[in-house]
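Open the model in your viewer and keep the sequence panel handy. We'll go from stop to stop, selecting a few residues at a time.

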Amino acid sequence: IFGGTWALIEMYHQLGKRILEEDKPISELMTLVSEELGESSRTIYYAIQFARDYPDINKLPKGKAITWRQIRNQLLSGGSVECKHEEVKEITICGHCGKRIKQ
């Protein structure tokens, strides 16, 4: 089970790193990648934020036992991995730099 989950996590991490390496505006790349991969802009944003916040994927809390959902809902939104609560938040992304705008 962990192998498939970890492969997904590695894929999103690599995707985020690759986008951050480009010289184009992040918002433009998010739209392009979203359309090409058939993924939501939000998912692409999380991949970018994940690569930015955790440059060393091997230092994630819980190691390979963590899931993409925990990364997305807890680590990247300021929660704790141990937290069982999941808040539904509306996220606004800056069209210029791709960073989340706090509301």
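In which helix does M30 lie? Select M30 and you'll land in helix α2. Before moving on, know that this is a predicted model, where local features need pLDDT of at least 70, side-chain atom pairs count only at pLDDT 80 or more, and totals for chains, interfaces and linings use all residues. Residues are numbered from 1 along each chain as its sequence is written, and side-chain values use heavy atoms, with hydrogens and water left out.

**The whole chain**

Zoom out for a moment. The protein has four helices and two strands, in the order α-α-α-α-β-β from the N terminus. Helices here are DSSP runs of H or I with at least four residues, strands are runs of E with at least two, and both are numbered from the N terminus. Of the 103 residues, 34% count as buried (buried is under 20% relative accessible area, exposed is over 50%, partly exposed is in between, with a 1.4 Å probe and protein chains only). Among contacts with a separation of 6 or more, 55% come from residues 24 or more positions apart (contact means heavy atoms within 4.5 Å).

**Back to M30**

M30 counts as buried because its relative accessibility is 6%. Now pick G16 as well: it is 14 residues from M30 along the chain, and the two C-alpha atoms are separated by 9.8 Å.

**α2 against α3**

Select residues 26–37 for α2 and residues 41–53 for α3; they pack at an angle of about 125°, with axes 9 Å apart. That makes α2 oblique to α3. Axes are lines fitted to C-alpha atoms, for helices over the stretch in contact, and angles run from 0 to 180 degrees between N-to-C directions. Under 35 degrees counts as roughly parallel, over 145 as roughly antiparallel, 65 to 115 as roughly perpendicular, and the rest as oblique.

Show side chains next. From α2, I26, M30, V33 and S34 meet S41, I44, Y45, I48 and R52 of α3. The residues of this contact divide into six nonpolar, two polar and one charged (Ala, Val, Leu, Ile, Met, Phe, Trp, Tyr, Cys and Pro count as nonpolar, Asp, Glu, Lys and Arg as charged, and the others, Gly among them, as polar).

Stay on R52 in α3. R52 is partly exposed, at 32% relative accessible area.

**α3 against α4**

Select residues 68–75, which are helix α4; α3 and α4 pack at an angle of about 80°, with axes 11 Å apart. The two are therefore roughly perpendicular to each other. Look for Y46, A47 and F50 in α3, which meet W68, I71 and R72 in α4. This contact has five nonpolar residues, no polar ones and one charged.

**A loop stop**

Which residue has a positive phi of about 70° although it is not a glycine? Click K62, found in the loop between α3 and α4. Most residues other than glycine have a negative phi. K62 is partly exposed, with a relative accessible area of 44%.

**Last stop: a charged pair**

Where is the salt bridge of this structure? Select E22 and R18, whose side chains meet at 2.3 Å, N to O. A salt bridge is a side-chain nitrogen of Lys or Arg within 4 Å of a carboxyl oxygen of Asp or Glu, and the structure holds one. E22 is partly exposed at 30% relative accessibility, and R18 is partly exposed at 46%.
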